[in-house]
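Trainee: I would like a close look at one residue in this structure, and then at its wider setting. Please take it step by step.

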Amino acid sequence: MGGQVKDYIDIDPSTHRMKIIRWIALLIPLLLVAYSVFMQFSPLGKPTAVNMYAFYAVNICWAIIGFWQFFAAPRQPIGHIAGLIGYHILALTYVLTVSGFDMPLIYTWSALLLASSVYLGQSGINISIATLFAAASGSVIIHASDDKQVVSIVIHFLGTLIISYMVKMVISAQAIDQAELLRSQTAERLQRDRIVTIVNNLSDAIISTDRNGIISLYNASALNLFDTNTDLAGKCIDDFISIIDKNKQPFKFADKLHSAKTTQYRDDLTARISNESIRLGATYSPIRSTNSVSDDGYVIILRDITKQKSLDDERDEFISVVSHELRTPITIAEGSLSNVSLMIKRPDIPKERLINGISTAHEQIIFLARMVNDLSTLSRAERGVADEPENIDVQSLIDELYAEYAPQAADKSLTFDIDIAPQIGQVSQSRLYLKEILQNFITNAIRYTEKGGVTIIVKPGENDTINFAVKDTGIGISRSDQAHLYQKFWRSEDYRTRETSGTGLGLYVVAKLALKLKTEIKLKSRLNHGSTFSFSLPAVKKNKS
């Protein structure tokens with residue numbers, strides 16, 4: 001998701017704490033060295049060291065271990081343990097041989113106890129307290145003859161323990177708070193990552209803007225919609241997309257967002273993107289924080305509805321045309337039957353007129369039946385109801401069609417022949433779709449042929465295919481009409497075509513079914529010389545025994 005804003009700081013608390021401990025491990029030894037030097041050589045202080053060799057040895061060791069711990073901090077646990085042991089040994093030696101237990105800096109022992117707690121937990125605390133007790137006990141033994149000194153040592157010992165405990169309690173509370181903060185940050189980060197993943201996988205373009213339409217967040221679909229790889233963050237949404245409404249007026253999000261008090265939806269927008277015009281559905285709404293009076297920004301959801309609008313327009317046009325085409329035959333049938341119902345009551349009306357009226361109504365009802373059948377087939381094809389293929393014996397199918405349509409051809413004194421290769425085999429297709437295509441070709445051939453005949457031709461084709469063709473000696477189709485042949489409800493202006501009752505849907509349905517069968521309809525036709533419609537389908541390969 002682009003333009004991401006981080007609303008938290010990534011902190012590794014353990015790393016941060018270790019850095020502080022390293023600094024303390026350097027500064028405290030240096031402070032102790034400075035204190036012992038001051039007390040040893042300042043006229044204001046009192047000598048501290050038992051002897052000068054111990055003085056120099058202990059202070060040099062303090063400096064060495066302090067710098068080593070800081071600049072060459074061990075990475076393995078064993079290194080930390082070794083460092084802590086060294087610090088405790090030096091602290092014990094320093095107290096007994098250099099400074100004495102009742103020095104002011106004895107309270108820095110709390111830092112040593114804290115470090116022990118960090119690296120070794122409760123075991124480290126016990127070791128540090130035991131060493132402190134050993135230092136106090138040793139000092140008491142050394143100064144056993146001086147009651148004031150012994151009391152001072154005891155007071156410093158108890159004070160150090162109390163301070164160490166208080167520091168430990170504060171650090172523990174901070175650690176609990178830090179752990180809770182880390183847990184909540186982790187949960188928030190996980191939740192945020194989930195939301196980002198969901199948003200980025202949505203097909204709709206989602207954009208978040210400020211009050212002025214400046215983009216702050218967007219998903220991958222927004223880049224796809226705008227056809228760009230440019231970072232959109234910090235730029236005005238109207239700079240990336242030019243939109244007009246249904247009245248051809250410019251539509252600017254920066255202006256519309258301010259007036260959006262609730263969620264708004266528009267589906268009358270047209271955008272120009274990469275020299276291509278697309279229809280847009282836009283949903284935009286204000287973003288308000290809890291207890292906020294003004295809007296904090298806006299979220300915009302954009303969807304390419306070009307295909308949907310095209311389908312809606314096509315559907316509306318289709319319904320309009322179907323309604324118009326149905327109105328004429330219904331009106332004729334209703335009028336004819338109404339006239340017959342009136343004439344039948346009069347004895348002076350010739351019987352032939354009644355028969356003609358009924359015949360006219362019957363013709364229109366047959367026309368309506370054909371149209372309903374074509375629409376039903378088209379609907380099933382669009383919904384994929386009969387898409388499942390089956391092995392069809394071609395010879396049997398052709399025989400079935402011959403038996404069905406031979407009587408119609410005979411009624412018009414036309415020949416109806418079959419030219420089929422022996423043992424033509426099978427095809428694996430939708431039986432409904434294949435039969436519907438052939439039926440449309442045959443009925444059209446019979447309808448538009450006045451003399452001669454119709455022939456169904458089935459021959460093996462190239463590359464293991466079977467070629468189907470329906471040939472007639474009818475009126476033919478002009479080149480200009482051939483360009484419109486597969487348009488729905490289109491009929492030629494040729495008067496001979498107008499003399500027959502066609503729905504204008506048959507070849508439109510054929511074209512749709514041909515796409516389903518993954519074949520191409522071919523036409524050879526010349527005006528007044530007949531037509532041949534043909535197509536090819538893959539044959540079912542025979543098993544070799």
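Leaving aside its neighbours within four places in sequence, which residues is Ser 285 in contact with?

Mentor: The model is a predicted one, so each value here is computed from predicted coordinates. With neighbours within four places in sequence set aside, Ser 285 is in contact with Thr 262, Thr 263, Gly 297, Tyr 298 and Val 299. Ser 285 itself sits in strand β6, which covers residues 276-287. Its relative accessibility is 14%, and since buried means under 20%, Ser 285 counts as buried.

Now the setting. The chain has 545 residues, and 40% of them count as buried, Ser 285 being one of the buried residues. The secondary structure comes to 15 helices and 14 strands. Take the contacts between residues at least 6 apart in sequence: 65% of these join residues at least 24 apart.

Val 509 belongs to helix α15, residues 506-516. Not counting residues up to four places away in sequence, Val 509 touches Asp 374, Thr 377, Leu 378 and Glu 436. With a relative accessible area of 1%, Val 509 falls under the 20% cut-off and is therefore buried.

The buried residues in α6 include Val 150, Ile 153, Phe 157, Thr 160 and Val 196. Among the elements that cover the buried residues of α6 are α4, α5 (122-142) and β1 (205-209).

Helix α3 has 23 residues and spans 31 Å between its end C-alpha atoms, close to the expected 33 Å. A kink of about 25° is centred on Thr 93 in α3. Buried residues of α3 include Gly 79, His 80, Leu 84, Tyr 87, Leu 90, Tyr 94 and Val 98. After α3 comes Gly 100, with a positive phi near 85°.

A probe the size of a water molecule, rolled over the atoms, shows where empty space is left. The count comes to one cavity of 30 Å³ or more. About 340 Å³ of space lies in the largest cavity. Its lining has 25 residues, and the closest to the centre are Ala 25, Ile 28, Tyr 87, Ala 111 and Leu 112. Two or more lining residues come from each of α1 (13-41), α2 (52-71), α3 (77-99) and α4 (109-120). α3 gives the most, with seven residues. By type, the lining holds 21 nonpolar residues, four polar ones and no charged ones.

Helix α11 is another kinked helix. Its 18 residues, 394-411, should span 26 Å at 1.5 Å a residue, and the end C-alpha atoms are 26 Å apart, so the two values agree. A kink of about 40° lies at Tyr 405, shortly before the proline Pro 407. Tyr 405 is also among the buried residues of α11, as are Val 394, Leu 397, Ile 398, Leu 401, Ala 406 and Ala 409. What covers the buried residues of α11 includes β8 (390-393), β9 (415-420), β10 (426-429) and α12 (431-447), along with β11 (453-460) and β12 (465-472).

Last, the backbone angles. Most residues other than glycine have a negative phi. Just after α11, Ser 413 takes a positive phi of about 60°. Gln 423, not a glycine either, has a positive phi of about 50° and is found in the loop between β9 and β10. Its relative accessible area is 74%, over the 50% cut-off, so Gln 423 is exposed. Asp 227 is a further residue that is not a glycine and has a positive phi, about 55°. Asp 227 lies in the loop between α7 (220-226) and β3 (242-244). Its relative accessible area of 52% is over 50%, so Asp 227 is exposed, whereas Ser 285, where we began, is buried.

Key. Residues numbered from 1 in each chain as written. Predicted model: local features only at pLDDT ≥ 70, side-chain atom pairs only at ≥ 80, totals over all residues. Heavy atoms only, no water. 1 Å grid on protein atoms, 1.4 Å probe; cavity = no way out; pocket = protein on both sides within 12 Å on 5 of 7 lines; lining within 4 Å. Points joined across faces, edges and corners; volume = space filled by probe spheres on them. Helix = DSSP H or I, 4+ residues; strand = E, 2+ residues; numbered from the N terminus. Nonpolar A, V, L, I, M, F, W, Y, C, P; charged D, E, K, R; others polar. Buried < 20%, exposed > 50% of the residue type's maximum accessible area, 1.4 Å probe, protein only. Contact = heavy atoms within 4.5 Å. Expected span 1.5 Å × (residues − 1). Bend = angle between axes of the 7 residues up to and from the residue.
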